[in-house]
Amino acid sequence: MNITVTDNLKRPEPAVLASTLEALAARFGNRLITSQAVREQHAHTTTWLPTQPPDGVVMAQETADIQDVVRICAKHRVPVIAFGTGTSLEGQVNAPAGGICIDLHDMNKVLEVHSEDLDCVIQPGVTRKALNEHLRDQGLFFPIDPGADASLGGMASTRASGTNAVRYGTMRENVLALKVVRADGEIITTGTRAKKSSAGYDLTHLFVGAEGTFGIISELTLRLRGIPETIAAAACSFKTLGGACQAVILAIQTGIPLARIELLNAEQVKACNAYSKLTLPETPLLLLEFHGTALEVGEQSKNFGEIAKECGGSDFTWTTKPEDRTKLWQARHDAYWSVKALRPGAGVVATDVCVPISRLADCVTETEADLKRLNLLSPIVGHVGDGNFHCSLICDVNNADEMRRGEEFMHRLVERAQAMGGTCTGEHGIGQGKQKYLKAELGAEALDAMRALKRALDPDNIFNPGKIVPAA
């Protein structure tokens, strides 16, 4: 696929880079790593975008480490790229202009938990699974679940969401405050632990979703939730994809408080059956989860069952057994790997779009028709309670004709979503791969405003250059 990932970016001069690496080595010793293998690992991408490694990797252990890296790099105007676990999907961790990667893996402490206020303060390298393990004994959990065991700093930077977003929102709604290292190495605090505020500009949500282009997150304050008394999971098969989508629309419109509602098309169900050793009917499928008291969960399940029946859905049984729920949702989280197993050796690119819920059935149905017309395989799975779905396109990267058809499909998918009042990405972010779609979605004036913000907060363009906003 012919994707442009660099817009007039210049790498640092060799002498400048050498001086930067020398200063970093003096400060960090063996915590500065310049081996080829480690540098490539820190630019790993699960898309078709080319790998663009940094010139060095610093293993940060505290906020002062981030500050010192930024100060040294700012002095020489060398790029700085933050790295959590590397699970982003649009090239966010690539280093198209070289520079220094700050690996935040070791900044993994839960600093404070305020159970009475339902919030916590953490370092950016804490992963969502680790946080929930820490919180479990207090009857609390953090609900945002993008599938991968991503770092919370990375999840904030990409404005992640996932399977629970239909009930609990995205990272945008669940980050109360941040501490961010800005371009001069100083720290700014964007908010407090209060649940609401009218004090000044909303800096917290300026940095949430900025993909590390405005600064480096060094601390997060997050909303927490109480673990529900009862959690039930269910699977419901449908005769048609349109019927499954219509059931989602009706469930949302009638106010059933679904915690999760995931769509798998027939191709994705086949892949999951084969990879996760399941025996689900190989037709369009909805996976659901209900949270609440035992009475509430029973009522929610009954109400959805009636809607599903009207839309051509099968009878469904639900379970509250943790082991059964885990098996079902693990299969959903392994969807990407199940797709890769369908055609070993082929390339897989995961992409997403999001449309208003009323256009979901139309968008998914037209997307499947496009795949059939172009003779392509791309299982579909989505967080359809938000109108958000993903395509995992499989192509032979050595087959020029197949790649051309794949590129046409990806472009048409985005154009279709935008024409329906939707967006080119519901949760993967822009990074490098979707820059070309921003102008059509938001307009030239909005891009100019984004560039003005970037210049104000990062005048020398050292933070993750070449991401989100294309050059003018």
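Leaving aside neighbours within four places in sequence, T221 is in contact with C120, V121, N174, V175, L176, A177 and R193. All of this comes from a predicted model. T221 itself sits in strand β10, which covers residues 216-223. With a relative accessibility of 9%, T221 counts as buried, because the cut-off for that label is anything under 20%.

E211 lies in the loop between α8 (203-207) and β10. Its phi is positive, at about 55 degrees, although E211 is not a glycine. Most residues other than glycine have a negative phi. E211 is also buried, with a relative accessible area of 7%.

R77 has a positive phi too, again about 55 degrees and again without being a glycine. Is R77 buried or exposed? At 58% relative accessibility, R77 counts as exposed, whereas E211, at 7%, is buried.

Strands of a sheet pair through backbone hydrogen bonds, either parallel or antiparallel.

Strand β2 (residues 56-59) shows both kinds of pairing. Towards β1, the two strands run antiparallel and are joined by 2 bridges. Towards β4, the strands run parallel, and here 4 bridges join them. V58 turns up in both pairings: V58 is the bridge partner of L32, and V58 also stands opposite I102 in β4. How are the faces of β2 covered? Both of them are: G56 and V58 on one side are buried, and so are V57 and M59 on the other.

Helix α3 (residues 63-76) has a helical partner as well. Two packed helices are described by the angle between their axes and the distance between the axes. For α1 (residues 14-28) and α3, the angle is about 155 degrees and the axes are 9 Å apart. An angle over 145 degrees counts as roughly antiparallel, and α1 and α3 are therefore roughly antiparallel to each other. Their crossing is right-handed. On the α1 side, the contact is made by V16, S19, T20, A23, L24, R27 and F28; on the α3 side, by A64, D65, D68, V69, I72, C73 and H76. By class, this contact has 8 nonpolar, 3 polar and 3 charged residues.

In α14, the residues involved are C363, E366, T367, D370, L371, R373 and L374, and they meet R405, E408, F409, R412, L413, R416 and A417 in α15. The class make-up of this contact is 6 nonpolar, 1 polar and 7 charged residues.

A417 is part of helix α15, and its relative accessibility is 0%, so A417 counts as buried. Which residues does A417 touch, not counting those up to four places away in sequence? They are V353, C354, V355, C363, G422 and T423. C363 is also on the α14 side of the contact with α15. As for distance across the model, the C-alpha atoms of A417 and G191 are separated by 34 Å, with the two residues 226 apart along the chain.

Conventions
Residues are numbered from 1 along each chain as its sequence is written. This is a predicted model: local features need pLDDT of at least 70, side-chain atom pairs count only at pLDDT 80 or more; totals for chains, interfaces and linings use all residues. Side-chain values use heavy atoms; hydrogens and water are left out. Axes are lines fitted to C-alpha atoms, for helices over the stretch in contact, and angles run from 0 to 180 degrees between N-to-C directions. Angles under 35 degrees count as roughly parallel, over 145 as roughly antiparallel, 65 to 115 as roughly perpendicular and the rest as oblique. A crossing is left-handed if the near helix is turned anticlockwise from the far one by less than a right angle, and right-handed if clockwise. Contact means heavy atoms within 4.5 Å. Ala, Val, Leu, Ile, Met, Phe, Trp, Tyr, Cys and Pro count as nonpolar, Asp, Glu, Lys and Arg as charged, and the others, Gly among them, as polar. Two strands pair if DSSP finds at least two bridges between them. Buried means under 20% relative accessible area, exposed over 50%, partly exposed in between (1.4 Å probe, protein chains only).
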